[in-house]
Amino acid sequence: MNIKKRKLRLIGNSVVISVSKEFLAENNLNIGDTVFLDEDKLKDAITKKNNHDSKIDFLIDQSLQEYNETYQDLVDL
C-alpha cells in the first residue's frame, strides 16, 4: 500500500489530480498519453481527507511509509 496525499485542482473546466513522476515511470506512462480510468475502482482508491487532526494523519502516513513491508507481511499471513 502506497498512500499519497494529493489535492484536486481546477484547470479550465476540468478537475485534475496529480501523480508522481515515479508512478509514471513505473507504469510506462508519459505526459500527453491517453489513459483509461475505471471510475468504479477509483471510488475505492480515493478517500476524502477530513480535517479532524492533521498530526494524526501525519503520524499514520509516517507509519505506513516506515512499516509498509511489515504491514504487507501481516496481510499475507
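Predicted model: local features only at pLDDT ≥ 70, side-chain atom pairs only at ≥ 80, totals over all residues.
Residues count from 1 along each chain as its sequence is written. Local features need pLDDT of at least 70 and side-chain atom pairs pLDDT 80 or more, while totals for chains, interfaces and linings use all residues, and side-chain values use heavy atoms, without hydrogens or water.

**View 1. The largest pocket and its lining.** About 1,900 Å³ of space lies in this pocket (an open set of points on a 1 Å grid where a 1.4 Å probe fits, with protein on both sides within 12 Å along at least five of seven lines; lining residues have an atom within 4 Å of a point). Its lining has 41 residues, and Lys4, Arg6, Ile17, Ala45 and Ile46 are the closest to the centre. Helix α3 gives the largest share, eight residues. By type, the lining holds 18 nonpolar, 11 polar and 12 charged residues.

View 2. Strands β1 (8-11) and β2 each supply at least two of the patch residues.

View 3. Lys43 pairs with Asp40, their closest N and O atoms being 3.7 Å apart (the rule asks for a side-chain nitrogen of Lys or Arg within 4 Å of a carboxyl oxygen of Asp or Glu). Lys43 is exposed at 60% relative accessibility, and Asp40 is exposed at 54% (exposed means over 50% relative accessible area, with a 1.4 Å probe and protein chains only).

Technical notes. Points joined across faces, edges and corners; volume = space filled by probe spheres on them. Helix = DSSP H or I, 4+ residues; strand = E, 2+ residues; numbered from the N terminus. Nonpolar A, V, L, I, M, F, W, Y, C, P; charged D, E, K, R; others polar. Buried < 20%, exposed > 50% of the residue type's maximum accessible area, 1.4 Å probe, protein only.
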